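Thanks for coming, everyone. Let's walk through one protein together. Please look at the screen.

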Amino acid sequence: MTELSKYRNIGIFAHVDAGKTTTTERILKLTGKIHKIGEVHDGAATTDFMDQEQERGITIQSAATTCIWDEHRLNIIDTPGHVDFTIEVYRSLKVLDGGVGVFCGSGGVEPQSETNWRYANESKVSRIIFVNKLDRIGADFYRVVKQVKEVLGANPLVMTLPIGTEDDFIGVVDLLTRKAWTWSGSDDPTNYEVTDVPEDMLEIVEEYREIMVESALDQDDDLMGAYLEGEQPSDEDLKRCIRKGTIALDFFPTYCGSAFKNKGVQNVLNAVVDYLPSPTEVTPQPEIDLEGNATGGKALVDPDYPLRALAFKIMDDRYGALTFTRIYSGRLKKGSSVLNTFTGKTERIGRIVEMHADSREERESAQAGDIVALLGMKNTRTGHTLCDPDKPATLEPMVFPDPVISIAISPKDKAGMEKMGVALNKMIQEDPSFRVETDEDSGETIIKGMGELHLDIKVDILKRTHGVEVQMGKPQVAYRETITKLVEDTYTHKKQTGGSGQYGKIDYIVEPGETNSGYIFESKVTGGNVPREYWSAIDKAFRISMEAGTLAGFPLLDVKVTLLDGAYHAVDSSAMAFELAAKSAYRQTIPKAGPQLLEPIMKVDVYTPEDHVGDVIGDLNRRRGMIKSQEPGPTGVRVKSDAPLSEMFGYIGHLRTMTSGRGQFSMEFSHYAPCPANVADVVVKETLERKAAK
């Protein structure tokens, strides 16, 4: 077992196409984990092992791998950059101790970088920055550093400077040692020279080194005092101060290079070891009780403490379900039993494996600080805590954003229905941001996710992995109906068919109820004109009738029916007769009571950069949205509004176009509200036509 001080649990995250996966490939090559580098554009990257990833050249699910650098054990997670898969970044950051934020030298701080940076801030993850692709046309290291300050509100601590630009980029100057690292044009990242700083860079190197030294020494008053008196700090003292400031999130050591051209990656690896925290140097995970209240306990990172582990990802592969788990304290042994505090059941650890993308190495045990995959866990889901059955405790669970887009799907043939159900169940377990529900009104299966690409990939997985061909549509909005006027009415049901007949007369009031009151029935009959045993039949008939309104057949909401009087016949009256009288009374009276269409109104929470707020608000107004509030933040503005669901289909695409891909939104049901007459007329007409066609 590696001692805990030599562990580094890190994630690599960035905007799509900034070079995360390529950087990971170079790290694996340098650490001897792989011998041949696979390129993303060839579909051969080690950590992009799904068919969909290799075809599209993007990372869809986070991949874990382990390697050794300078006698330190690095557990690395390569995360997706596309906004539709931010859930993978979020849950990876939740279990990591440090991160490498990769930025494109020409693209700079791109939209998804902001989102990931915000997630990392929320998770209090220490980071170093790698400005990649400095060999590209238009690459500018100094511009990206400025953007990190202005756009992210972060404090980059420049540790290396580029030698040359674009095609002439040949290496970097290490400010700490004042040495130049230059790589030859070969494909071998280990083929480099360490020389003196080029003459033309001496001045800028000293300028940036002075900034670096002063920022670092802010962490130690004694060293700063000595420095102000003219004493130069040692490299070891500087490293110690930089490490302290990095772990405290006071600044972020910033490196540069070109992963694709094999330049500058060693410096990043050295920084991971030198400046990012070991598991024992981060704030321990707080423990909570089953109701979600803090207990004051902490999962101290120590192999000798009781077991505390968090399942952060479920992945189904050809060997069965893999449960990716971060162990915070204690030890885990193959064949041992652990308690899942969410289900309250114990589960047996079948096998423990160390993952390298989609290949694996068997392990007999794992300890605090490890990130491993477990086999044989039947009831464990993302966010569940695994602990010592004799000393139970729950770790703070993960909170996942709600899906923002949904479509209806159906199998192309009857045989696919059962297969689709099984497949969707597995996919829900793997991805907490993917939801499935059945629309009660239409009976359609509706899948919900974080964006069109997210659902497109899910449908592709259904087809390729599970062999289920599906047709995609879009779900119908679940409208409702209500009434606006009070109507007092009477109805007599009379039928004579030889022998005993049917007779029931009711006098009643139908009126609008309070909002969210549903259906209310009250009887004010006195004197026995309608015997009490028939009241429930009348109530039942009105209640059933409310399931289909008279405008377009949508369920009726918020109606009160009061039975005033009536008449009965000693022989011909029955519960059935009064039930039929009430059903006919409903059809007779509701059209007189000013029926009105109601539409679902959603709470819409939009996050947008400040310079796009006007566009976002204007667009929401065009969608009949009511703006509730605007809340400025360090990197953007949150606009909260209420908007009708019918106007929000396809909104994510419009929002990303308006905000250059930087906007995000979440949406949840709020309430039903009257539909404007012009919209209601169209909906009623289309609904009746659709029903007639069926």
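Start with the cysteines. The structure holds zero disulfides, a disulfide being a pair of cysteine sulfur atoms within 2.5 Å. C67 counts as buried, at 2% relative accessibility. C241 is buried too, with a relative accessible area of 1%. Buried here means under 20% relative accessible area, with a 1.4 Å probe and protein chains only; over 50% is exposed, and in between is partly exposed.

A word on the source. This is a predicted model, where local features need pLDDT of at least 70 and side-chain atom pairs count only at pLDDT 80 or more, while totals for chains, interfaces and linings use all residues. Residues are numbered from 1 along each chain as its sequence is written, and side-chain values use heavy atoms, leaving out hydrogens and water.

Now the overall picture. The protein has 16 helices and 37 strands. These are DSSP runs numbered from the N terminus: helices are H or I with at least four residues, strands are E with at least two. Of the 694 residues, 55% are buried.

Next, the inside. A nonpolar core is a set of buried Ala, Val, Leu, Ile, Met, Phe, Trp, Tyr and Cys residues joined through side-chain atoms within 4.5 Å. The largest one has 70 residues. W117 is among the members that touch the most others, along with V100 and F141. Helix 9, residues 265–275, gives the most to this core: seven residues. Another core lies apart from it, with 28 residues, including V604 and Y651.

Which rings pair with W117? Ring pairs link F103, W117 and F252 into a cluster. Rings of Phe, Tyr and Trp (its six-membered ring) pair if their centres lie within 6.5 Å; planes under 30 degrees apart are stacked, over 60 edge-to-face, and the rest tilted. The whole structure has 10 aromatic pairs. For W117 and F252, the centres are 4.9 Å apart and the planes stand at 70°, so this pair is edge-to-face. W117 lies in helix 4 (residues 111–122) and F252 in strand 11 (residues 252–256), so the pair ties together parts 135 residues apart in sequence. Both residues are buried.

Finally, charges over rings. That needs NZ of Lys or CZ of Arg within 6 Å of the ring centre and within 35 degrees of the ring normal. R127 lies over the face of W117, 4.3 Å from the ring centre. The charged end of R118 sits over the ring of Y607, at 4.0 Å from its centre.
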